[in-house]
Amino acid sequence: MTAQTPAATQLTNDEFDDLIDRINAHHQAALAAITAGQPKPAPFAMPEGFDGGSSDDYTDLPKDSIDAFATSREANAGQVNGQAGHIYSISEDYKNGKITKDVFVDQLDKQGKDNVRAFSDDQNATAEKLKASGHAHPEKQNRIVQAFKDVGEWLVSKFWAAVEDLYSKLADDIQQWWNQVIECFGRAVDSLRTWWHGLFG
């Protein structure tokens with residue numbers, strides 16, 4: 001007789017909300033650390049015994065959860081698209097000697113802080129929508145939590161880290177990178193949408 005795998009522990013609504021809040025806080029702190037040039041914290045550790053299922057396919061989530069993640073995707077994409085022209089402009093000014101490196105770096109730092117604020121606002125809004133979805137679909141709470149963890153980690157470590165990496169390259173070697181700003185931002189947004197559709201359909 002084959003031994004059966006125990007069913008995943010069902011969260012209470014309070015446990016579910018708390019886990020969503022802790023994941024949210026962790027991801028916001030991780031992006032703030034990257035933006036400040038500090039080491040990124042280790043990935044969020046799920047509670048012992050937690051089973052959120054596969055991280056390769058989230059098409060089984062409730063529609064309101066998928067809609068919440070889609071809104072988040074567009075908010076993050078819009079934040080990057082909205083700054084592309086500004087970063088290109090100040091990069092060109094720095095390259096042409098119209099502003100000093102100190103002024104340029106200050107502008108990049110300011111944009112980085114704006115990005116952290118926008119990400120925090122988006123994640124707070126997404127967390128509240130996911131809580132509502134989880135309360136309406138308690139049988140999907142573990143999946144919602146796992147998706148929130150995975151999406152947040154990807155946004156921080158792949159999407160926003162790529163933006164911060166571009167800022168560092170611009171500050172270090174403006175001549176090489178200034179004319180690649182629009183392309184790099186476009187590539188980041190394309191990767192976000194491709195990744196999202198691979199998970200959520």
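Angles under 35 degrees count as roughly parallel, those over 145 as roughly antiparallel, those from 65 to 115 as roughly perpendicular, and the rest as oblique.

## Basis of the model

This is a predicted model, in which local features need pLDDT of at least 70 and side-chain atom pairs count only at pLDDT 80 or more, whereas totals for chains, interfaces and linings use all residues. Residues are numbered from 1 along each chain as its sequence is written, and side-chain values use heavy atoms, with hydrogens and water left out.

## Overall architecture

The secondary structure of the chain consists of 6 helices and 0 strands, and its order along the sequence is α-α-α-α-α-α. Helices (H or I, at least four residues) and strands (E, at least two) are DSSP runs, numbered from the N terminus. Taken along the principal axes, the C-alpha atoms occupy a box of roughly 75 × 35 × 30 Å.

Of the 201 residues in the chain, 44% are buried; buried means under 20% relative accessible area, exposed over 50%, and partly exposed in between (1.4 Å probe, protein chains only). Among contacts with a separation of 6 or more, 83% join residues 24 or more positions apart, where contact means heavy atoms within 4.5 Å.

## Helix packing

Two packed helices are described by the angle between their axes and the distance between the axes. Axes are lines fitted to C-alpha atoms, for helices over the stretch in contact, and angles run from 0 to 180 degrees between N-to-C directions. H3 and H4 pack at an angle of about 170°, with axes 11 Å apart, and are therefore roughly antiparallel to each other. Their contact comprises 15 nonpolar, 10 polar and 2 charged residues. In this classification Ala, Val, Leu, Ile, Met, Phe, Trp, Tyr, Cys and Pro count as nonpolar, Asp, Glu, Lys and Arg as charged, and the others, Gly among them, as polar. Helix H2 (residues 63-95) and helix H6 (residues 181-200) also pack at an angle of about 170°, with their axes 8 Å apart. That angle makes H2 roughly antiparallel to H6, and the contact of H2 with H6 has 15 nonpolar, 6 polar and 3 charged residues.

H1 and H4 pack at an angle of about 5°, their axes lying 10 Å apart; the two helices are therefore roughly parallel to each other. Residues making this contact include Phe16, Ile20, Ile23, His27 and Thr35 of H1, and Ile144, Phe148, Lys149, Glu153, Trp160 and Glu164 of H4. By class, the contact of H1 with H4 divides into 13 nonpolar, 6 polar and 3 charged residues.

## Salt bridges

The whole structure contains 13 salt bridges, a salt bridge being a side-chain nitrogen of Lys or Arg within 4 Å of a carboxyl oxygen of Asp or Glu. Asp60 pairs with Lys140 at 3.8 Å, N to O. Asp60 lies in the loop between H1 and H2, and Lys140 in the loop between helix H3 (101-136) and helix H4 (141-172), so the pair ties together parts that are 80 residues apart in sequence. Asp60 also forms a salt bridge with Arg143, the closest N and O atoms being 3.0 Å apart. This second pair links Arg143 in helix H4 to the loop between H1 and H2, across 83 residues. Asp60 is partly exposed at 33% relative accessible area, and Lys140 is partly exposed at 22%, whereas Arg143 is buried at 11%.

Within helix H4, Lys149 and Glu153 are 4 residues apart, about one turn of the helix, and their side chains meet in a salt bridge of 3.0 Å, N to O. Lys149 is buried, with a relative accessibility of 11%. Asp21, Glu128 and Lys131 are linked in a network of salt bridges.

## Two threonines

Thr35 belongs to helix H1 (residues 13-35). The side chain of Thr35 reaches the backbone oxygen of Leu31 at 2.9 Å. Beyond its neighbours within four places in sequence, Thr35 is in contact with Gly112, Lys113, Val116 and Glu164.

Thr194 is located in helix H6 and is exposed, with a relative accessible area of 59%. The C-alpha atoms of Thr194 and Pro47 are separated by 30 Å, the two residues being 147 residues apart along the chain.

How values were computed:
A polar contact is a pair of N or O atoms within 3.5 Å; within protein, one must be able to donate a hydrogen and the other to accept it, and residues adjacent in sequence count only if both atoms are side-chain atoms.
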